[in-house]
Amino acid sequence: MSQRPYRSVLYIPGSKERALEKARGLACDAIIFDLEDAVAPDAKVEARATLRAELDKGGYGNRAKIVRINGFDTEWGKDDVAAMIGADIDAILMPKVGSAAQLDELATLIPDVDLWAMMETPLGMLNAAEIAAHPRLKGFVMGTNDLAKELNTRFRADRLPMMGGLHMCLIAAKAHDVVIVDGVYNAFKDEEGLKYECDQGRDMGMDGKTLIHPAQLAVANAAFAPSDAEIDLAQRQIAAFEEAEASGQGVAVVDGKIVENLHVVTAKGILAKAEAIKALES
Ligand SMILES: CC(C)(COP(=O)(O)OP(=O)(O)OC[C@H]1O[C@@H](n2cnc3c(N)ncnc32)[C@H](O)[C@@H]1OP(=O)(O)O)[C@@H](O)C(=O)NCCC(=O)NCCSC(=O)C[C@H](O)C(=O)O
Ligand SMILES: [Mg+2]
């Protein structure tokens, strides 16, 4: 399981120089530099050059740097990949992935970087397991706008209509130890709605949330970090289990609930995540 934090994954249009500059000082765990939907067709070629120049300038620190290219069914996709060869990035994110074969094609064009997949089509949901199993694939990003469009769902705060798809991808991601971050919350001034959706995603097992505006960062960073209460409980569970083991028992009790070795694994994961966040923030 990856302990690198992905609580807040901010999209930045590759065409917006001001936003690309601003991102160097923002408290996000990862950035998706976008060449796809956030960039108008007429601006695609220039955005690609702008983005490469900004990446070469550096200054994005420890944040994971992910570039979302255009699809290979467009005139820009393969040139986007070519423009990123040798750039200081962690991953290339392919949109609308429907099969592992699409990743094979991408993998031949760029060595040495991780591949991530936008999961946002019905075919992608159905093939989530084979996509997650691809040897270069390291992350899933849920594209809930495209998914809603493809499924003809209506917006509901509880996201009931897309739960099936979200769960199919979650299970595939967990089965293959792949990071999975939730889709965006479009109403970027609605903090309460964002918090509800972040908490829902965290409860489901998402590693973090994709975001579209800096005003959304604090909510996601808080929702996907272990809380003080979770850290305190994890420490007490580990201590109690070690004590039980030392006296020859396989089970401890903390706050009236049993603690077995599998709970200790979860507890250690919580502490490791908290440490990784501390390290990233320092
Ligand atoms: C949504 C926006 C168009 C709003 O832009 P704007 O009106 O400029 O916002 P503000 O004036 O409030 O901006 C304040 C300052 O913050 C900077 N800013 C804004 N957004 C970002 C950002 N994403 N990253 C970095 N910095 C940002 C502004 O430059 C202002 O800075 P300053 O001048 O110093 O005050 C805009 O936020 C935006 O374009 N957001 C990104 C949209 C996007 O990327 N969309 C595509 C991804 S979503 C998607 O495709 C999901 C998926 O595929 C699916 O299917 O679901
Ligand atoms: Mg999309």
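Ile-12 is buried, with a relative accessible area of 3%; buried means under 20% relative accessible area, exposed over 50% and partly exposed in between, with a 1.4 Å probe and protein chains only. This is a predicted model, in which local features need pLDDT of at least 70 and side-chain atom pairs count only at pLDDT 80 or more, while totals for chains, interfaces and linings use all residues. Residues are numbered from 1 along each chain as its sequence is written, chains are lettered from A and ligands numbered from 1 in the order in which they are written, and side-chain values use heavy atoms, with hydrogens and water left out.

Ile-12 lies in strand β1. Strands (E, at least two residues) and helices (H or I, at least four) are DSSP runs, numbered from the N terminus. Six of the six residues of β1 are buried, so the strand is largely enclosed by the rest of the structure. In a regular strand the side chains alternate between the two faces of the sheet. From β1, Ser-8, Leu-10 and Ile-12 point one way, and Val-9, Tyr-11 and Pro-13 point the other way.

β1 has parallel neighbours, where a pair of strands requires at least two DSSP bridges. Five bridges join β1 to strand β2 (residues 30–34), and in β2 Phe-33 stands opposite Ile-12. Three bridges join β1 to strand β8 (residues 208–211), where Lys-209 is the bridge partner of Ser-8. Together, β1, α1 and β2 make a right-handed β-α-β unit: with the strands pointing away from the viewer, the path from the first strand over the helix to the second runs clockwise.

Around ligand 1 there are 22 residues, of which Arg-18, Arg-68, Asn-145, Ile-212 and His-213 come nearest; a residue is near if one of its heavy atoms lies within 4 Å. By class, this shell has 11 nonpolar, four polar and seven charged residues. Asp, Glu, Lys and Arg count as charged, Ala, Val, Leu, Ile, Met, Phe, Trp, Tyr, Cys and Pro as nonpolar, and the others, Gly among them, as polar.

The table gives polar contacts, pairs of N or O atoms within 3.5 Å.

| Polar side-chain atom of | Distance to an oxygen atom of ligand 1 |
|---|---|
| Arg-18 | 2.4 Å |
| Lys-22 | 3.3 Å |
| His-213 | 2.7 Å |

Taken alone, ligand 1 exposes 1,000 Å², and the protein buries 69% of that; these areas come from the Shrake-Rupley method with a 1.4 Å probe. Elements giving two or more residues to the shell are β1 (8–13), α1 (17–22) and α7 (144–151). The largest share, four residues, comes from β1.

Definitions and conventions: A polar contact is a pair of N or O atoms within 3.5 Å; within protein, one must be able to donate a hydrogen and the other to accept it, and residues adjacent in sequence count only if both atoms are side-chain atoms.
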